[in-house]
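Here are a few notes to read alongside the model.

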Amino acid sequence: YDVQPWVVRYRTPGVDGALTTASGAVYLPVGAPGPLPVLTYQHGTVTARTDVPSNLSSGEGQLFGAAYATDGFAAVLPDYLGLGSSDAPFHPYLHVATQASAAVDLLRAARALAVQQSVSLDANALFVTGYSQGGGAAQGLHRALERDHGAEFPVRASAPMSGPYDLSGTARRLLASNPAHRPSVLYTAFLAGSMTRTYQLRPDLADVLAPPADAVAGALLAGATTNAQLAALPARPRAALQP
């Protein structure tokens, strides 16, 4: 089928529980007979707030939104809090609860969009998937749907891919081995910064992260990282942390 993408802005809770604005994309197949199955895809880690599904020229969002919709699915792709045109003050990276709630509320917004466009959705054919950061987000979403929204959103099938599922265990092993692996340094700074802000562990990122990782984490949380900042990160993850 041909595909029609829509950019959606909607309300959803922030990390403090207060409603904020989030964004995402919904891809609908053109002319497909309904009711349509619904698939929600959770995207991977990004370092720029514009590299998300609501930016219809972004690679990952365009690829997966179009791939699923052309096969007859209504594809629902959240940006997460703090990315896209969200009003949240930062992106709570790998925060399971708000990754899930942002997806649940976009599913609700997608239903409203479908009604506006006279498209019928199948309430009993919901599929959940995602890759990398989105693999963990998909697994957290599946748990939240089964635990809290089973009657509203019964899940037909779930396929979380290559996600960070055991954050504490993985972080301990990573910091113990301390490899010379720059992606591990980026993930360490991003996660430590996110948890510091989300749970208000310390007043400042510099209380947890050593320079220049503190500045890089702040830029990551704002979705405004530069290549020069990323290149300045240390070679090993323990060097990103204060003693």
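In which sense do S3 and S5 pair, and over how many bridges?

1. S3 and S5 pair in the parallel sense, over six bridges. Strands count as paired if DSSP finds at least two bridges between them. Within this pair, Thr 40 stands opposite Val 128 in S5. Before going on, please note that this is a predicted model, where local features need pLDDT of at least 70, side-chain atom pairs count only at pLDDT 80 or more, and totals for chains, interfaces and linings use all residues. Residues are numbered from 1 along each chain as its sequence is written, and side-chain values use heavy atoms, without hydrogens and water.

2. S5 also runs parallel to strand S6 (residues 155–161), joined to it by six bridges. Here Leu 126 stands opposite Val 155 in S6. From S5 the chain crosses through H3 to S6, a right-handed β-α-β crossover (clockwise from the first strand over the helix to the second, with the strands pointing away from the viewer). Helices (H or I, at least four residues) and strands (E, at least two) are DSSP runs, numbered from the N terminus.

3. Leu 126 is also among the members that touch the most others in the largest nonpolar core, which has 26 residues. Such a core is a set of buried (under 20% relative accessible area, 1.4 Å probe, protein chains only) Ala, Val, Leu, Ile, Met, Phe, Trp, Tyr and Cys residues joined through side-chain atoms within 4.5 Å. The largest share, eight residues, comes from H2.

Conventions. Buried means under 20% relative accessible area, exposed over 50%, partly exposed in between (1.4 Å probe, protein chains only).
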